[in-house]
Amino acid sequence: MIWSWNTFLFGIYPYIAGTIFLLGSIIRYEREQAGWTSYSSQILASKRYMMWASNLWHIGILTLFLGHFTGFLTDILEWLGLDPVEHQWLAASAGITAGVVAMVGGVMLLLRRVLDPKVRYASRPMDIIILVWLLITLCFGLGTQFISVPEVIHDHVQNMEILIHYVRSIAEFQANPQLIINIPLIYKVHMFCGFTVFLLFPFSRLVHIWTAPLNYVVRPYQLVRSKIRSVV
Amino acid sequence: MSHLLDRLKYLVRYHESFSDGHGVKLQDDRLWEDAYRHRWRYDKVVRTTHGVNCTGGCSWNVHVKNGLVVFEMQAHDYPQTRPDLPNHEPRGCQRGASFSWYLYSPHRIKYPMIRARLLELYRHERATGKDPVEAWRAIQEDPKKRSSYIAVRGLGGFVRSSWDEINEIIAAANIYTILRYGPDRIAGFSVIPAMSMISYAAGTRYLSLIGGVPLSFYDWYCDLPPSSPQVWGEQTDVPESADWYNSTYIIVAGTNIPATRTPDAHFYSEVRYKGTKVVAIAPDYAEYVKFADEWLPVRAGTDAALFLAMGHVVLQEFFLQKKASYFQDYARQFTDLPMQILLRPLDDTRYTSDRFLRASDFDNQLGQNENPEWKTIVYDSKSESYRCPKGSIGFRWSQTEGNWNLLQEDATTNEYIEAELSCLGLQDIVLQVVFPDYGNSDGQAKLVERKIPARRLQTTHGEQFVCSVFDLLLAQYGVNRAEIEGTTDANYTDSNQLFTPAWQQGITGIPQENCIRIAQEFAENAVLTQGKSMVIVGAGTNHWYHNDMNYRSIINLVHLCGCVGQSGGGWAHYVGQEALRPQAGWLPLAFAGDWHLHSRQAAGTSYWYLHTDQWRYERVTADSLMHPAAKASYKGHTLADYNIVAERLGWLPAAPHFQSNPLDIAEAASQDSKGVADYVAHELHNGHLTFASEDIDHQENWPRNLFVWRSNLIGTNAKGHEYFLKHLLGAENAVLGEDGSGRASQEIQWHEKAPVGKLDLMIDINFRLNSTGAYADIILPTATWYEKDDLNTTDMHPFIHPLGAAVDPGWESRSDWQIFRHLAKSFSTLAEKHLGKRKDLLAISLLHDTPNELGQAVGVSDWKREGKIPEPGRTCPNFEIVERDYPHIYEQYSSIGPLLATHGNGAKGEHWETGQEISELLAINGTFPSSGKGKEDARPSLESDINACNMVLHLSPETNGEVAHKGWLSLSTKTGLSLTKLANDRRGEKFSFHDLQVQPRKVISSPSWSGLMSEEVSYNAGYVNVHYATPYRTLTGRGQFYLDHEWMLDFGEGLCTYRPPLTTHAVAGLPEAIAQQGGIVLRFLTPHDKWGIHSTYHDDLRMMHLSRGGPHIWLSEKDADQLKISDNDWLEAVNENGALMARAVVSQRIPEGVAIMYHQQEKTLNVPGAPSTGKRGGINNSATRVIVKPTHMIGGYAQLAWTLNYYGPVGSQRDAEVLIRKVNDAQISWMEKQLGSDLETELRQAVEESQ
């Protein structure tokens, strides 16, 4: 592999980010149990406002995450019988919808975080950095649609196919950054931003994603802990 | 091992479910729990308490980790008291539990701080080669320099300095003041010694050694109930809280037990489980009302009317109709009801009550040669003759000892006598007697006429009519007697008759049926239980101008029902009333009694009233308060004038004493052949010497240096806060009224221009920055209650316990004891050159519990008016010379002086030798190094705080059984009773400081107190008097319904009467521009708070989170509606005394017409500017001004005699009214601009012009 910025950013950087993401999360989990939190500031703000802001943001961003994951890393849509053009149509329409929803929620959150003196005072620098970074990533993600949508109208889905191959090459540890050498810049910027989110992840409040209390849906009402283990 | 791996066990997870799968047992990692365990882990535990001005006296364990205090917990290892009594513990409340926050808080004073401008001036002068005293002189004698730091007080500007430099400055200021004006221009203010008695003693010992003036405080902040010394000759003596549990009927009026007596409140609820009925009297739905079985919502300030009407019912039903023998026997032996009084003719038909009949009124003095004019008389129904019973004050200070007791015996013949309560049926005549009625709607006093049976008596000054106090009381209470009124029917429903239940209904709003029923229940209970009916009272009833009337109406009731001195009965006053149990050992430590026989002290209220020039604004005239039938020999005198008269008659202390320097007078006096006292008396007579108060605003008479420690004078105690700022401190202030009314004074020289900025130097000693620090010139960092060794007692429980140093004093702080010790060292060093040994003249007022309390027995002779030469110790103060060894103040401070061994020790009039204890202290404390020249010279050391604690413990009857024995022996001799048995079982006990560190100890019964600390009974005031026949320290030796001093009668308070809240005119005095802006006038009540103890804890982050976290005022919904105020809106409260800002709390709890602002929310936090004044909003005392009451100034008259914190004018504030209005958020200004040069010029000019 010959050195180039393209090679570094899209062949090596994703692994750096991924390593920091995983190792960082583990180390933080081991060292900072008491700091493993979403640092929620919900108590400081108006209930109504937060109901909209937080829900829009979380619904939008989770939909986007799911969409990226299934679209790029699985063949579910193919199994369902969608051809690449239909796949792209679905991706674009769902992506734009969820993106706009997340954008509205995210901007509301940002405004509140910066303008409300109480929330501002309670914010750590990383809380603002990560929110701004996610919004930037989101902007570029939405920006890609200015290329994708006109293309799909003309049944062009080449870029998408290249990106699918590229993303899979990363996931399969056979990184092939050459694949995307000619892809429009905005895709690359969006991807760089996305990788960086993973890089920042363990240093931010995003760690709460790891321990989202999903089991609340199914767990029994009452948990009691055994006395046997680990009580010193 | 690993949090992550511990979670990764999905394959081995063991699920044991239960309750049909609703629950599951996990085997999760539980290491996270250790975080909580670590939070409560510690390295050591130390016992201490909170030396805050609170009566809790709670033992706490402070936990230390890594050298820092991490948390405190209630100690629960008090000694067990009696079987069948709930435990005292756990003691402690939310406030104490939050204290550790202060140690490391942003308010903490860490270093010696000084006003930067003052430091620059001082360093500049020093740099020019001047020595410290010269440097201070150079600053003080240049008005420009002086004003540069004085005028900016309260506006910030502190810098750090070093202990050495600061001590040098203070010592230089003290020495300059002593030289230039006299040591009596140096004063000190500190509150309630009982909470940390060594720290209190530190400052007063220093002041007493240099000749400075410790000021009284208990009277000043109006927690002193003057009624207590008036009735019993005792400062305040009340049941411990456990005694509530012995009661079977309790009325609570104006003390919020759950909120302010939190650690004791459990007794209040526990006793209800025994079936005790609790009645609450309160204008608002206060916390204590929730505990009650019945609530009587009186109008604020009218409690006396209700209690007088209850007394009416008791007299009518239990004395006249049922003739309850328990009540009558009690009244005969323990009250002055059978004492005979003279009736003074007003005109041909009407009489008014005059003084007590005395042995001296009889030709043969009834066989009494010693002090016959101080012995009161009863009529013996057995022998049908006038007799002089034992126990009156004349027997207390008599050569022949053994007759000062309450045995029902004739003092001359020792025969049993049966004192007659009423002469009805045996009277010679029925007379018309007048009583004052102040309860009229127009505010004018009127005369009420009643009939009374009386006897004719030939006295040394002709034929007189006499009657008993009891007959007079029945007439005044308006009780019907068949033989006089022609009917015995109760006239309860006659609303025109004074003191009937119907009459009180019109005043208090309480239905007459309720009043009658509660009175019947209270008295019936007392008959059945022999006095287990109790009235618990406090600030809500005592903080009024006429507080003595409120209280005496209650005391009358409990006396009539024979409750005083009975377990579970009596009068229980709980506000600021901490009992310094080991008083006898503490007094010489605190006032240097081991070095000097006399010390200088002053009455706080008079001091501040005069020196902060509040008298110049006085709108209340003394004449308006008088009895319409008064002799009124001082008619036309202003309230301040009465104070001046009282000073020159030796009743009240004067500080400064005279216009001249007492060192100069002493010098001249000791060279005069007449002797010191005669010399001074002559100088006063010929006018060469004048009292300082007669020209109080003269520069020579200003207070110059002021120490404030353990207190927050400016932020808490300063009634008339803005006047303090203006006249005393010269700071920016918001006084809105005009000061012309002081011109009416007949005794005080009037200066057209009032002084501004009298103090040269104010020193605040504190661990936190509060308002006093903000206005001071120097702030010294002191140790907190977790950083020093000290002692603490309270009257809420019988234990003594320590404050203990859990950690060393933080940063550069020192304990108060060490602060003043080091200051004494700097002082001594400088004094070597400037002062040397000097003589100091003390003018000592006629103190209670000394032979001087026998001043003028009959009438008031004013030497100045009558042109006579004053008689020191009788018609004017005593004059004594004290030798001050100024270069050795440090040595004197640090060791126990020789006088205790040679002169003995004592308290409250008792006296015993104590040489043995002093020689034991040599071994306990070691000797002070520099004093140990030879064995003869060796003196016990007081170098460490613990040395000082041990001195107190070893010399006090309460903590040393042998001393208790000596004390009881002394009282036995005086009374002729056998009393040593009361403490014999504990004669061998001796407590040391380290004993108390192990466990709080229950103190030993002592003659300094009127109750017992035995295994059988809870402490209850008057218990010894009623069970062992020791007299009260009053004129008659009994509890007094009647006070016969001429001034008492002038102001219509011979008997208790109803006096409505005072009209202060404070809102009427507002400048028109401000008054016109609208609002409504509300009664301004300032009770004690749940989230703070005075100003402490209000700025504690933890308490701020629990409360509103800033100044707030409670309003009723209706008043708030009218003002268009909703909850949490800003409002302004303003009157001529100043303005304050607060947020509104709108609540149904509050009755209409009342605004409640819990004191003492300071202006250091969350206080914006007030629109009316354009200055920062003040504190609750910005709306108050102190108004003195002449009857509190009486002295040299048995129990009516001044002693520090015992008797004297009180600084009431509850009669205040304020104009309240809404302030819109847009008008709120936080005033965060820098000091502008315009303002500075204006402030400085005011100070310079008055110098």
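Colleague: How many residues of chain A are in contact with chain B, and how many of chain B with chain A?

Modeller: Happy to start there, bearing in mind that this is a predicted model. Contact here rests on C-beta atoms lying within 7 Å. By that criterion the contact joins 16 residues of chain A to 17 residues of chain B.

Colleague: Which element gives the largest share of the side of chain A that touches chain B?

Modeller: Two elements of chain A give two or more residues to that side, helix H1 (5-31) and strand E1 (222-225). By type, the residues of this side are nine nonpolar, four polar and three charged. The largest share, four residues, belongs to E1(A).

Colleague: Nice, and what is the bridge partner of A:Gln222 in E2(B)?

Modeller: E1(A) and strand E2 (residues 23-26) of chain B run parallel, joined by four bridges. Within E2(B), A:Gln222 has as its bridge partner B:Gly23.

Colleague: Moving into chain B, how are H6(B) and H8(B) oriented, given axes that cross at roughly 70 degrees?

Modeller: The axes of H6(B) and helix H8 (residues 163-180) come within 8 Å and cross at roughly 70 degrees. Angles of 65 to 115 degrees share one label, so H6(B) is, relative to H8(B), roughly perpendicular.

Colleague: And how many residues of the contact of H6(B) with H8(B) are nonpolar?

Modeller: H6(B) contributes residues including B:Val133 and B:Trp136, while those from H8(B) include B:Ala172 and B:Ile175. One residue of the contact is polar and two are charged, and the nonpolar ones number eight.

Methods: Residues are numbered from 1 along each chain as its sequence is written. Chains are lettered from A and ligands numbered from 1 in the order in which they are written. This is a predicted model: local features need pLDDT of at least 70, side-chain atom pairs count only at pLDDT 80 or more; totals for chains, interfaces and linings use all residues. Two residues are in contact if their C-beta atoms, placed from the backbone, lie within 7 Å. Ala, Val, Leu, Ile, Met, Phe, Trp, Tyr, Cys and Pro count as nonpolar, Asp, Glu, Lys and Arg as charged, and the others, Gly among them, as polar. Two strands pair if DSSP finds at least two bridges between them. Axes are lines fitted to C-alpha atoms, for helices over the stretch in contact, and angles run from 0 to 180 degrees between N-to-C directions. Angles under 35 degrees count as roughly parallel, over 145 as roughly antiparallel, 65 to 115 as roughly perpendicular and the rest as oblique.
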